[in-house]
Amino acid sequence: MLAPHPDDEVFGCGGCASLYARAGAVVHPYVLTDGGGYLTGPQRESVVALRREESQRAAAILGTQAPVFGPWQDRRLGEQTTLAHELSQKISNLQAEVVFAPSLWEVHPDHRATAWAVLQAVQSLVHDGRPAPTVAFYEVGAPLRPNHLVDISPVLEVKRAAMAAFASQLAQQRYDIHITALNTFRTYALPPDIDAAEALIVVPAVGVASWLSSYGDLARGPGLAEVTEAALRRRVGGRPAANHRHAFAGKGSASRGRPRAGRRHLTARGRARPDASGARGRAEPC
Ligand SMILES: [Zn+2]
């Protein structure tokens, strides 16, 4: 279970993880970055430690293995040329049968970098004739056009409790509300006694190449974030609306999305909230 940041493994596929664990599968959360945002020095260290504790608490609630934390920095995954190789090694070492990862259409550049890296890792395993896992893309910051819906009603309260473990992140933004709404909406096409579902795009290892050829045009072009930002620029006369600037910072545009000290931002409901670039640790979408 790959998470670019500490919390994605729960928001994106915590229900699936809990169901797998209940079924007797061994579930390994691998959190790739430190989640330290743009912080530096001791402040970064304390935020990183706190976020890791939160992931550890959430894993205990979900019933997975304790998370392992990768060596990479927040918002730097796209620069890591060895990420795919490292993931293929990890997958082989764990003999993973299924790998969960955020999708190619996610807003956050680390999420998209993870998606690309896992596809490259699986393709290289297939190419080398080694055991390769099924890929299951989950949704966090951008809804998918899924090919699987997983009923997570039996573990809905478990997922809620695990999401609540991320107090530092929920203080910035009510991700739990967003994810609960998304999981509720995913029951739209399901029987009425299902309370929540997680949506996935599931791609078998041997199907990755053909899947990429059919989804490739969108995936290889500008990311959804850039497309959306371009539309916003047109709408507001050459620059994105201030309260959207963070949410639509795209790949390769780290400085554009970087919070400025002392700025205040509007929430979706129009209420001002303090700039989150300080001790709270992260002003980016998860
Ligand atoms: Zn994230």
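**Reading the helices and the core**

Modeller: The chain has 11 helices and nine strands. Keep in mind that this is a predicted model. Buried residues make up 43% of its 286 residues. Among the contacts with a separation of 6 or more, 73% join residues 24 or more positions apart.

Colleague: Let's start with α3 and α6. What makes α3 roughly antiparallel to α6?

Modeller: Look at the angle. The axes of α3 (residues 41-62) and α6 (residues 156-164) come within 8 Å and cross at roughly 170°. Angles over 145 degrees count as roughly antiparallel, so that is the word for α3 and α6. The crossing of α3 past α6 is right-handed.

Colleague: Which residues of α3 and α6 meet?

Modeller: From α3 there are A58, I61 and L62, and they meet V158, A161 and A162 of α6. By class, this contact of α3 with α6 holds six nonpolar, no polar and no charged residues.

Colleague: What makes α2 and α6 oblique to each other?

Modeller: Here the axes come within 9 Å and cross at roughly 120°. The perpendicular range ends at 115 degrees and roughly antiparallel needs an angle over 145, so α2 and α6 are oblique. This crossing is right-handed. On the α2 side are G14, G15 and S18, which meet V158, K159, A162 and M163 in α6. Their classes are three nonpolar, three polar and one charged.

Colleague: Which residues of α2 are buried?

Modeller: In α2 (residues 14-22), the buried residues are G14, G15, C16, A17, S18 and L19. They pack against several elements, among them α1 (8-11), α3, β4 (98-102) and α6. After α2 comes G24, with a positive phi near 100°.

Colleague: Why is T187 called partly exposed?

Modeller: Count its neighbours: T187 has 18 C-beta neighbours inside 10 Å. Buried needs 20 or more, and exposed means 12 or fewer, so T187 is partly exposed. T187 sits in the loop between α8 (175-185) and β7. Its C-alpha atom is 8.1 Å from that of D151, although T187 and D151 are 36 residues apart along the chain. Not counting residues up to four places away in sequence, T187 touches I194, D195, A196 and A197.

Colleague: Which residues touch the most other members of the largest nonpolar core?

Modeller: That core has 58 residues, and L2, F100, V118, V122 and V135 touch the most other members. Helix α5 gives the most to this core, with eight residues. Leaving out residues up to four places away in sequence, V135 touches V99, A101, V118, L119, V122, V203 and V208. In soluble globular proteins, nonpolar side chains tend to be buried together.

Notes
Residues are numbered from 1 along each chain as its sequence is written. This is a predicted model: local features need pLDDT of at least 70, side-chain atom pairs count only at pLDDT 80 or more; totals for chains, interfaces and linings use all residues. Axes are lines fitted to C-alpha atoms, for helices over the stretch in contact, and angles run from 0 to 180 degrees between N-to-C directions. Helices (H or I, at least four residues) and strands (E, at least two) are DSSP runs, numbered from the N terminus. Angles under 35 degrees count as roughly parallel, over 145 as roughly antiparallel, 65 to 115 as roughly perpendicular and the rest as oblique. A crossing is left-handed if the near helix is turned anticlockwise from the far one by less than a right angle, and right-handed if clockwise. Two residues are in contact if their C-beta atoms, placed from the backbone, lie within 7 Å. Ala, Val, Leu, Ile, Met, Phe, Trp, Tyr, Cys and Pro count as nonpolar, Asp, Glu, Lys and Arg as charged, and the others, Gly among them, as polar. A nonpolar core is a set of buried Ala, Val, Leu, Ile, Met, Phe, Trp, Tyr and Cys residues joined through C-beta atoms within 7 Å.
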